[in-house]
Amino acid sequence: GACFGTTFANLFFLVFPELKPPRNTDKYVPRVFGYKLHKTWYDRSMKASKEEQERYQRQQKELQQRKIMMQRQQQQLQHQQKQKQSQSNSQSNQQSMSNQNKNNN
């Protein structure tokens with residue numbers, strides 16, 4: 001094999017054509033665990049694969065939308081908390097101002 005490389009088989013059968021094996025006339029029959037597959041197996045497989053891919057994409061889209069909604073809710077809560085803090089700060093400032101005014105009088 002090292003001297004001839006990949007051409008050995010071709011040269012061999014050119015020299016000895018009577019040893020050439022007959023062509024295989026059997027067609028390939030797909031099987032799973034020895035059972036023949038139905039004629040529509042490929043179409044069904046492709047359809048199931050496509051449906052699974054679409055389902056996965058829908059799930060990813062829903063997750064992305066949920067993530068965006070959660071972020072918006074968090075932003076709203078933070079905004080509300082800031083508003084409450086500013087209101088409480090302004091009220092405490094008003095009370096301290098009124099207390100100072102009373103003390104001054």
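In which strand is the place of Y35? Y35 belongs to strand 2, which covers residues 35-36, and the sections below set this residue within the rest of the chain.

## Basis of the model

The model is a predicted one, in which local features need pLDDT of at least 70 and side-chain atom pairs count only at pLDDT 80 or more, while totals for chains, interfaces and linings use all residues. Residues are numbered from 1 along each chain as its sequence is written, and side-chain values use heavy atoms, with hydrogens and water left out.

## Overall form

The chain contains 2 helices and 2 strands, arranged along the sequence in the pattern α-β-β-α; here helices (H or I, at least four residues) and strands (E, at least two) are DSSP runs, numbered from the N terminus. Its C-alpha trace spans about 130 × 45 × 20 Å along the principal axes. The radius of gyration of the chain is 40 Å, whereas a compact globule of 105 residues would have one near 13 Å; this radius is taken over C-alpha atoms, and the globule rule is 2.2 Å times the number of residues to the power 0.38.

## Surface and charge

Of the 105 residues in the chain, 1% are buried, where buried means under 20% relative accessible area, exposed over 50%, and partly exposed in between (1.4 Å probe, protein chains only). The chain exposes about 11,000 Å², of which carbon and sulfur atoms supply 52%; such areas come from the Shrake-Rupley method with a 1.4 Å probe, and for residues only the protein chains shown count as cover.

## The nonpolar patch

On the surface, V32, F33, Y35, L37, W41, Y42 and M46 form a nonpolar patch with about 820 Å² of accessible area together. Patches are made of residues with over 30% relative accessible area and no salt bridge, like charges being joined within 9 Å and nonpolar side chains (Val, Leu, Ile, Met, Phe, Trp, Tyr) within 5 Å. Helix 2 (residues 41-104) gives the most to this patch, with 3 residues.

Y35 is exposed, with a relative accessible area of 63%, and F33, in the loop between strand 1 (31-32) and strand 2, also counts as exposed at 80% relative accessibility. F33 has a positive phi of about 55 degrees although it is not a glycine. Most residues other than glycine have a negative phi.

## Along helix 2

The structure holds 1 salt bridge, a term for a side-chain nitrogen of Lys or Arg within 4 Å of a carboxyl oxygen of Asp or Glu. It is formed by E52 and R55, whose closest N and O atoms are 2.4 Å apart. Both residues lie in helix 2, 3 residues apart, about one turn of the helix. E52 is partly exposed, with a relative accessible area of 42%, and R55 is partly exposed, at 34%.

Q75 is also found in helix 2, where it is exposed, with a relative accessible area of 54%. Q75 and K61 are 14 residues apart in sequence, and their C-alpha atoms are 21 Å apart in space.
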